[in-house]
Amino acid sequence: MPLPMKWERPRQGELGLDGETEGTIDALRNEVRQWREVGWPRTSNATRELLEYWARGPGEGPVFSLFYAQREAVETVIFLTEAVDSDHWMVRRLKNLANGWSRGLTRLALRMATGTGKTVVMACLRACS
């Protein structure tokens with residue numbers, strides 16, 4: 001019986017997270033900001049209603065609201081999975097990276113500091129699915 005594959009953490013640079021990372025992230029954040037400003041086009045009605053709900057200002061609904069970083073994380077994942085085509089530069093980059101080391105399984109990761117509400121972000125993404 002063959003031994004199970006051992007997963008090894010990719011080394012610096014293998015994920016494309018080298019010196020160009022900061023510019024790449026800034027470019028993606030700018031695209032997501034522009035997409036937000038025009039009302040989240042190319043999303044389903046249900047997703048858009050959730051995005052509008054999460055974007056409401058203080059006093060415009062129930063007490064619960066997302067922190068800006070949570071909202072931006074949710075919007076970024078929705079942007080990459082629902083709003084843009086498969087030929088978008090970031091989607092192509094993620095797929096190329098996936099083909100290189102995870103056998104075509106494209107993964108999206110959100111880097112958020114401890115205590116910033118990653119569980120809330122995951123719940124929001126689940127609500128959109």
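**Salt bridges and a helix contact**

Q: Why is Glu 37 called exposed?
A: Glu 37 has a relative accessible area of 57%. Exposed means over 50%, buried under 20%, and partly exposed in between (1.4 Å probe, protein chains only). The value of 57% is over 50%, so Glu 37 is exposed.

Q: What kind of model is this, and which residues and atoms count?
A: This is a predicted model, in which local features need pLDDT of at least 70 and side-chain atom pairs pLDDT 80 or more, while totals for chains, interfaces and linings use all residues. Residues are numbered from 1 along each chain as its sequence is written, and side-chain values use heavy atoms, with hydrogens and water left out.

Q: What makes Glu 37 and Arg 33 a salt bridge?
A: The closest N and O atoms of Glu 37 and Arg 33 are 3.4 Å apart. A salt bridge needs a side-chain nitrogen of Lys or Arg within 4 Å of a carboxyl oxygen of Asp or Glu. The pair therefore qualifies. By this rule the count comes to four salt bridges.

Q: How far apart are Glu 37 and Arg 33 along helix α1?
A: They are four residues apart, about one helical turn. Helices are DSSP runs (H or I, at least four residues) and strands likewise (E, at least two), numbered from the N terminus.

Q: How do you know that Glu 72 and Arg 29 form a salt bridge, and what does the pair tie together?
A: Their closest N and O atoms are 2.9 Å apart, which is within the limit for a salt bridge. Glu 72 lies in helix α3 (residues 68–83) and Arg 29 in helix α1 (residues 21–37), so the pair ties together parts that are 43 residues apart in sequence.

Q: Which residues are linked in a network of salt bridges?
A: Arg 36, Arg 71 and Glu 75 are. Between Glu 75 and Arg 71 the N to O distance is 3.3 Å. Glu 75 is buried at 0%, and Arg 71 counts as buried at 18%.

Q: Why are α2 and α5 called roughly antiparallel?
A: The axes of helix α2 (residues 45–55) and helix α5 (residues 118–128) come within 9 Å and cross at roughly 150°. Axes are lines fitted to C-alpha atoms, for helices over the stretch in contact, and angles run from 0 to 180 degrees between N-to-C directions. Angles over 145 degrees count as roughly antiparallel, under 35 as roughly parallel, 65 to 115 as roughly perpendicular and the rest as oblique. The two helices are therefore roughly antiparallel.
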